[in-house]
Structures are given as structure tokens and as C-alpha cells.
Amino acid sequence: INILSNRSEWTFYFLSSVQFNFTISENIGVMFGQKTQLSWNLPPMDTFNMLSAIYELDQKDYKSRLDQLINMLDIGDIVKIPVRKLSLGQRIKCELLCALIHSPKYLFLDEPTIGLDIVTQKNIYDFLIAENHLNHTTIILTSHNLKDIEALSKRLLILARGQIIFDGMMDELPIDIKDKQEFNIKFIDTQWNRITNQTFSILELEHNIKKIGQENIISINREGISIEDLILSLYKEWDMTNDNK
């Protein structure tokens, strides 16, 4: 309905519930860690093509987006292999493509890295960061894996018994995690021809790695407060405050 009033034109759109739901779904992508959009006995490419039809994607746009996601996820060699023959990490990458094929504005992820090895987790983090930067996709995730939070999140919400006990940016947490970090380096001391350990702050780390020499380093371990410790302390503080009320 177009209404022309005072030299201004106003347009009102009346959507049926079906139209409204479809409009919402166009802007949202969802991936659940324990549920799948893929068909077990079919290759992922069949599911991608099906989703392009469901979302009524322009074929030129679909092909361009498909190629972009396949390259970013590095799955060009597996998209025509039946899903049942893929590893968990490969299936998760294909699930992410399913959730993003229609270029949604918002991507909701539930436990996106559950059961994945460290290398695959890192690949997923790198992909999501790139997707956010390239396409400005807002990513909202729920996870018990606090590495997900450290790797991806800027804004953090912490829930306790259904109540929000913290809502803010990562750098607004009560303790600056990075400032509390120290690193223990185990290395070969070439001067005395022995193995030794030394602890350095994060500001000293890079300089001392160069000084020691990477070829002489046996291991580097992070010490100090972790995000797990910090969130646990917030839960305990909230429990004590509410138990005393």
C-alpha cells in the first residue's frame, strides 16, 4: 500500500505468516553441533543444491557464494563424497556451508566445535573470523568450550540459573586475562649444555624466544589465570551474593 502525504511517500508491507517466516529465515543461518542438514548417504553437494532451491537463490549468486565458501573452508575435494565417509571435522565444515549458503546476516552456532581436534577447531575459528570480516556476518554462539569464547568473542554473556550475571565486552571482564599471563619456557641452555626452565611475562616472551633461539626450545606453557578460572570465580561470587539474600 503506497500512501502519498505531504510530499512524502510511505510504503507499508503486509506479510502473511508464511511470508514473514520466510523473510526471517533468509536472514538467519543456524548450525547445531548435534543435528545435521546433510543427508547421510548423499554427497554434501546434493544438500547445497537443495538449499539453493529452497532459498530460491539466483544461480549465478549461488555459484559465486558456493565457490567462495568451498575455498574458505578448503573442502573442494570432499563435496562429492557421501557424507557417511567423511570425518566429523569435514562434516562440520559442510554444515557451516549449509548454514551460510544463502548469505544470512546472522549466524547462530550451538556447540560448533564439540568433539573436534585442536587443528580442526583452529580451522573453524579462522574461517568464522574471515566470514565476519569479509561479509560482516554477525555470529552468535553458545558453547561450553571456553576456547571458542577466547578465539571468537568480542561481547560475552554469562548466565547463571537463567540470569545474566555478566554482559559486556571481553576487555570489560573484572580481570584482564592477558595481563595475568606468564609463560614457562623449557629449553636447552647452550652455554651450560643443560635443560633449564624460565618464566616470562607476555611482554617479555617474544624477546626471550628470539634470545634463546627457537631451535633450542623444548616447550612453552602458559601459566596464570585462564578464562575458565575467571568465569568460575564469577559464578562463585554470584552464588555467594544470592545465597546471602
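Cys98 counts as buried because its relative accessibility is 1%, where buried means under 20% relative accessible area, exposed over 50% and partly exposed in between (1.4 Å probe, protein chains only). This is a predicted model, in which local features need pLDDT of at least 70, side-chain atom pairs count only at pLDDT 80 or more, and totals for chains, interfaces and linings use all residues. Residues are numbered from 1 along each chain as its sequence is written, and side-chain values use heavy atoms, with hydrogens and water left out.

**Cysteines**

- Cys94 is buried too, because its relative accessibility comes out at 0%.

**The H4 and H5 pair**

- Helix H4 covers residues 88-100, and H5 covers 118-135; helices (H or I, at least four residues) and strands (E, at least two) are DSSP runs, numbered from the N terminus.
- The axes of H4 and H5 come within 10 Å and cross at roughly 15 degrees; axes here are lines fitted to C-alpha atoms, for helices over the stretch in contact, with angles running from 0 to 180 degrees between N-to-C directions.
- That angle makes H4 roughly parallel to H5 (under 35 degrees is roughly parallel, over 145 roughly antiparallel, 65 to 115 roughly perpendicular, and the rest oblique).
- On the H4 side, the contact is made by Gly89, Ile92, Lys93, Leu96 and Leu100; contact means heavy atoms within 4.5 Å.
- H5 brings Thr120, Asn123, Ile124, Phe127, Leu128 and Glu131 to that contact.
- By class, the contact of H4 with H5 has six nonpolar, three polar and two charged residues. Ala, Val, Leu, Ile, Met, Phe, Trp, Tyr, Cys and Pro count as nonpolar, Asp, Glu, Lys and Arg as charged, and the others, Gly among them, as polar.

**His136**

- His136 lies in the loop between H5 and strand S5 (138-142).
- With 64% relative accessibility, His136 counts as exposed.
- Leaving aside residues up to four places away in sequence, His136 touches Lys105 and Glu131.
- His136 and Lys105 are 31 residues apart along the chain, and their C-alpha atoms are separated by 7.5 Å.

**The whole chain**

- The protein chain has eight helices and 10 strands.
- Of its 245 residues, 35% are buried.
- Among contacts with a separation of 6 or more, 65% come from residues 24 or more positions apart.
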